Amino acid sequence: MTTWDRFVETFFNAKVMLKYLPDILSGMVVTIELAVLIVLSGLLAGLVLALLRALAIRPLNWLIIFVVDLFRSLPPLVIIVLIYFGLPAAGVSPSGFVSTWLSLAFVLMAFSEEIFWAGITSIPKGQWEASRSTGLSFGQTLINVVLPQALRLTIPPLTNRTIAITKGTALGTVVAVTEILGQASSAVSNSYNPSPLMMGAAAYLVLFLPVVVASRWIETKFAWKR
Amino acid sequence: MIETFFNPEIIAAIWPIVLAGLLNTILLSLIVVPLGLFGGLILALLATVHHPLVRWPLMAWVDFFRAFPPLVLLVLLFAGLPFAGLELGGFACVAIAFFLNTGAYYGEILRAGIDSVPAGQVEAGRSTGLGRLQAMTYIVLPQAVRNVLPDLMSNTLEVVKLTSLGSVVAVPELLFQARQAQSLTYNATPIVLAAIIYFLLLWPLVRLLSRLENRALAGRR
């Protein structure tokens, strides 16, 4: 057997790959579920916080800023571990899936709030004044005039951040979520062969590479006009 | 509640363990940040070669690491390489994974910085007799770094946070030590303590960044 054959036999073992393909596929489903939940809830919560911040209620804004700073400073893995291993002591025992979802959604909420807020503040005051003087209320101005312009500005930084945080679903494996990495790791220890790990790696590329390539296109389409 | 989450007796008992973790996290950051910057600099300099044979592989390289979760990369090195007869240990795996992963991110940022310096700067520098490398080192790079400083800092924050992944491959950094302490004491206090330390350590940087980002976005219109 040549070195190359041995390499293929070890890292791309067809028999092992075929056996664990269903596991990896089910891991992909879990990863997709987690990712969709995180993106939807994280972005929505971030937008709501940014809109609340626009109301300019002092104590509320301090609270928002503190929460945002908190989730920007803490490593996502620390938040996951804190929720998963810490909360049971308080009588709530979230599953690994829920812990990972909540943690990464909080992180995305914090980052997207900052981006949405920066977008809102970047709209010149004149826009506010003009639309208020036409008789639109504060809420109408915010939703119909400011937000559409602000959102356009936020799209490139938001896509980058969303991808980076969504990749974090792999962290779920630390708290026994059966997503791709979790499935691949247990398959490696069951088969004593690294092929499932290679499959897992390929699965991540299949899921995320199209998104990254699309984000490049989005970046140029919505690029800042300098 | 205080008993389980912020127990003073437990803090006193496990403080040395957590402190050792904090020192290792700082040490690890001091190693992986320059390593990532170095990797990024190589990529950014390569990107100045506007040849399709360099450009496309480079883009594929960067996109690959943007799509690939750093933890998967780390596990691949840590659990996969031994099958090829190469046992590297947790620390070396972290260093390699960070060099590759954060290098790609730093590379994108530095490339944008270099692009932001007008071509006239290089031409002027070259016409005074500076070589290509000299013009890059003394004229382009200082301006490039200045232009993308907030992005570089923001990425550095992410890199420091990412060192917590070391806990998965038994590198005794802050999170790893806290989890050890937690399993010794059956109490959540060590993890809460670690979280507080991370927050105190990184919060000033977050505050600074948030100011810089707001100003940058507002100024770009």
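In the predicted model, B:Arg179 counts as partly exposed, because 19 C-beta neighbours lie inside 10 Å of this residue, whereas the buried class requires 20 or more. B:Arg179 is part of helix α9 of chain B, which covers residues 174-185. When residues up to four places away in sequence are not counted, B:Arg179 touches B:Ser167 and B:Ile191 in chain B, together with A:Val81 in chain A. B:Ile96 is 83 residues from B:Arg179 along the chain, and the C-alpha atoms of these two residues are separated by 24 Å.

Along the principal axes, the C-alpha atoms of chain B fill a box of roughly 70 × 50 × 30 Å. Of the 221 residues in chain B, 40% are buried. For contacts in chain B between residues at least 6 apart in sequence, 75% connect residues that are at least 24 apart. The predictor assigns chain B a mean pLDDT of 90, with 97% of its residues at 70 or more.

The C-alpha trace of chain A spans about 80 × 45 × 25 Å along its principal axes. Buried residues account for 42% of the 226 residues in chain A. Among the contacts of chain A between residues at least 6 apart in sequence, 77% join residues at least 24 apart.

The interface between the two chains brings 41 residues of chain A into contact with 39 residues of chain B. On the side of chain A that touches chain B, at least two residues each are supplied by α3 (58-73), α4 (76-86), α5 (96-121), α7 (138-166), α8 (180-191) and α9 (195-221) of chain A. The most is given by α9(A), with nine residues. By residue class, this side of chain A divides into 28 nonpolar, nine polar and four charged residues. For the complex, the predictor gives an ipTM of 0.90 and a pTM of 0.91.

The largest nonpolar core has 115 residues. The residues with the most contacts inside this core are A:Val78, B:Val72, B:Leu74 and B:Ala194, which come from both chains. The helix that gives the most to this core is α5(A), with 14 residues. In soluble globular proteins, nonpolar side chains tend to be buried together. The surroundings of B:Leu74 can be described in detail: leaving aside neighbours within four places in sequence, B:Leu74 is in contact with B:Cys93, B:Val94 and B:Ala97, and also with B:Leu165, B:Val168 and B:Val169.

Methods. Residues numbered from 1 in each chain as written. Chains lettered and ligands numbered in written order. Buried ≥ 20, exposed ≤ 12 C-beta atoms within 10 Å, placed from the backbone. Contact = placed C-beta atoms within 7 Å. Helix = DSSP H or I, 4+ residues; strand = E, 2+ residues; numbered from the N terminus. Nonpolar A, V, L, I, M, F, W, Y, C, P; charged D, E, K, R; others polar. Core = buried A, V, L, I, M, F, W, Y, C linked by C-beta atoms within 7 Å. pLDDT = per-residue confidence, 0-100.
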